[in-house]
Amino acid sequence: MAFHPDVVVIMLGINDLAFPDLHNRYPRDLRRLVERFQALPSAPRLFLCTLTPVAADAPDAPVNRTIRGTLNPAIRAVAAQTGAGAIDVSPEFADRAHPFPDGLHPDPEGAELIAQTILQALDSAAAPNESLPPAPVSGPPSESIRREAPAPPPPRRPPPPPPPRPGPAPPPH
């Protein structure tokens with residue numbers, strides 16, 4: 001946080017799948033993280049990314065139902081509540097198991113696809129007068145993640161004023 005970022009992109013939560021007892025804390029913890037970045041003097045624009053499926057070749061696996069039905073809706077809700085943008089990465093990986101050789105971590109192709117999806121969303125958010133339809137409420141677990149729509153970009157905020165420049169040192173007494 002010491003870097004005074006202009007833009008912050010957060011993709012967080014895949015490891016939370018290992019702790020189902022903590023899923024109810026995920027939205028609150030994510031909101032707190034967003035609020036910490038929003039409180040920075042640089043007033044960065046914030047974007048929250050949805051999570052990719054785990055073992056994309058098993059879309060109906062319990063872990064993927066949790067991603068679709070719990071974590072990704074929480075990400076969209078926190079984005080809407082805090083004014084952050086939502087970047088819907090998950091549909092890019094529907095029916096694509098190969099970018100995740102171990103079923104969880106992306107290979108270079110998967111990492112590039114995530115980066116391209118984020119870059120495209122950031123470019124779209126920077127375009128004037130462009131708006132996307134609002135994200136739908138997550139449907140039942142049997143719904144394909146491919147049917148999820150991207151959330152609209154956050155409202156544009158004016159850039160923060162530049163920090164005051166230090167003046168000459170006061171004369172010695």
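Strands here are DSSP E runs of at least two residues and helices are H or I runs of at least four, numbered from the N terminus. I kept in mind that this is a predicted model, where local features need pLDDT of at least 70, side-chain atom pairs count only at pLDDT 80 or more, and totals for chains, interfaces and linings use all residues. Residues are numbered from 1 along each chain as its sequence is written, and side-chain values use heavy atoms, with hydrogens and water left out.

**The sheet**

I then looked up the pairing (two strands pair if DSSP finds at least two bridges between them). Strand β1 (residues 7-10) and β2 (residues 45-49) run parallel and are joined by four bridges. From β1 the chain passes through helix α1 (residues 26-38) to β2, a right-handed β-α-β crossover; that is, with the strands pointing away from the viewer, the path from the first strand over the helix to the second runs clockwise.

β2 and β3 are also parallel, over three bridges, and there Cys49 has Ile87 of β3 as its bridge partner. I noted an open sheet of three strands in the order β1-β2-β3. β1 and β3 (85-87) are at the edges with a single partner strand each, so one side of each has no neighbour in the sheet.

**The cores**

Next I checked the nonpolar cores, meaning sets of buried Ala, Val, Leu, Ile, Met, Phe, Trp, Tyr and Cys residues joined through side-chain atoms within 4.5 Å. Buried is under 20% relative accessible area, exposed over 50%, and partly exposed in between (1.4 Å probe, protein chains only).

The largest core has 20 residues, and Ile10, Leu30, Leu46 and Leu48 touch the most other members. I found that β1, α1, β2 and α2 (62-82) each supply at least two residues of this core, with α2 giving the largest share, six residues.

I followed Leu30 too: leaving out residues up to four places away in sequence, Leu30 touches Ile10, Leu12, Leu48, Ile75 and Val78 (contact means heavy atoms within 4.5 Å). A second, separate core has ten residues, among them Val89, Phe93, Leu113 and Ala125.

Last, I looked at Ala43, in the loop between α1 and β2. Its phi is near 45°, a positive value in a residue other than glycine. Most residues other than glycine have a negative phi. Ala43 counts as partly exposed, at 28% relative accessibility.
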